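User: Please show me the model and walk me through how to read its features. I would like to begin with helix packing.

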Amino acid sequence: MNTLKQKDCWYRAVCSEAPHGCTATCVRFAEMLNLMQMSNLPKYMWFPQSLYADKDLDAFRQLKSIKDDIKNWVKGGNSLYLYSRSFGNGKTSWAVKLMLAYFNQIWRGNCFRTRGIFISVPEFFDRERLRMSNQDEDFIRIRDSLLEADLVIWDDVSIVKMTEYNSATFFNFVDARVLSGKANIFTGNLDQERLKEFVGGRLASRIWNTSQVIEFVDCDKRGRRDG
């Protein structure tokens, strides 16, 4: 029987079987691995990161409250817009932490369903532009799953100004998800007025007015560790 390395398992710190050794037949690991592979989440983000609040205590408290009830939050079709005028202060990390918490709640018996998807918005539109000339099967699968997934993270929604086509395409996905009661987490670096400039008024209104808006005020913390 093959033995999994402990670094390959998301549950090694809390799993009751860990003292006896992880095995390749572990159902929980196999189910979680499928969820992660279907999620489009970059592998370096698969493991939860330690985050510390500094100036963002209120934001962290709100997000912890959501995390503690994440299954009901997703089921309720809620949305978040996490934004900051600064970069590297935990917006994307928190979005991923919420998705991982959701996977931890619903991992059993998925039957290869895509339950959550991570979308880097700039990358999405680069691949969308190439879609007609390049049969990117993985991208097509992701795109086709966007309306059915329980939760979608739309990361960096405002890093560059969108064309009218991109804004309309993005709006159609977001609008359809909101109307069908699907949960969304948006991250960006613009307040309401500047968001309108970058993504267009209709899409900005859909993001801002259908989401719980949480602002991060701390500075860039990349490369720093908990003390």
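**Reading the packing and the side-chain pairs**

Analyst: In helix 7, S167, F170, F171, V174, D175, V178 and L179 meet R202, L203 and R206 of helix 9; contact here means heavy atoms within 4.5 Å. By type, the residues of this contact are 6 nonpolar, 1 polar and 3 charged (Ala, Val, Leu, Ile, Met, Phe, Trp, Tyr, Cys and Pro are nonpolar; Asp, Glu, Lys and Arg are charged; the others, Gly among them, are polar). This is a predicted model, in which local features need pLDDT of at least 70 and side-chain atom pairs pLDDT 80 or more, while totals for chains, interfaces and linings use all residues. Residues are numbered from 1 along each chain as its sequence is written, and side-chain values use heavy atoms, with hydrogens and water left out.

User: How do the axes of helix 7 and helix 9 lie relative to each other?

Analyst: Two packed helices are described by the angle between their axes and the distance between the axes. Here helix 7 (residues 164–179) and helix 9 (residues 201–209) have axes that come within 9 Å and cross at roughly 30°; each axis is a line fitted to C-alpha atoms over the stretch in contact, with angles from 0 to 180 degrees between N-to-C directions. Helix 7 and helix 9 are therefore roughly parallel (under 35 degrees; over 145 is roughly antiparallel, 65 to 115 roughly perpendicular, the rest oblique). Their crossing is left-handed, meaning that the near helix is turned anticlockwise from the far one by less than a right angle.

User: How many helices and strands does the protein chain have?

Analyst: There are 9 helices and 5 strands, taken as DSSP runs (H or I, at least four residues; E, at least two) numbered from the N terminus. Their order from the N terminus is α-α-α-β-α-β-α-α-β-α-β-α-α-β. Among contacts with a separation of 6 or more, 80% join residues 24 or more positions apart. Of the 227 residues, 47% are buried (under 20% relative accessible area; exposed is over 50%, partly exposed in between, with a 1.4 Å probe and protein chains only).

User: How many salt bridges does the structure hold?

Analyst: It holds 11, each a side-chain nitrogen of Lys or Arg within 4 Å of a carboxyl oxygen of Asp or Glu. In one of them, K64 pairs with D68 at 2.8 Å between the closest N and O atoms. K64 and D68 are 4 residues apart in helix 2 (residues 57–68), so about one helical turn separates them. K64 is partly exposed at 47%, and D68 is exposed at 53%.

User: Where in the chain do D150 and R115 lie?

Analyst: D150 and R115 form a salt bridge, with 2.5 Å between the closest N and O atoms. This pair links distant parts of the chain, 35 residues apart: D150 is in the loop between helix 6 (137–145) and strand 3 (151–155), and R115 is in the loop between helix 4 (91–106) and strand 2 (116–120). Both D150 and R115 are buried.

User: Is R127 buried or exposed?

Analyst: R127 is buried, at 18%. R127 is joined to E123 by a salt bridge of 3.6 Å, N to O. E123 is partly exposed at 38%. Through shared partners, salt bridges connect E123, R127, D136, D138 and R141 into one network.

User: What is phi of D156?

Analyst: Most residues other than glycine have a negative phi. Phi of D156 is positive, near 60°. D156 lies in the loop between strand 3 and helix 7 and is partly exposed at 23%. N40 also has a positive phi, near 70°, and sits in the loop between helix 1 (27–38) and helix 2.
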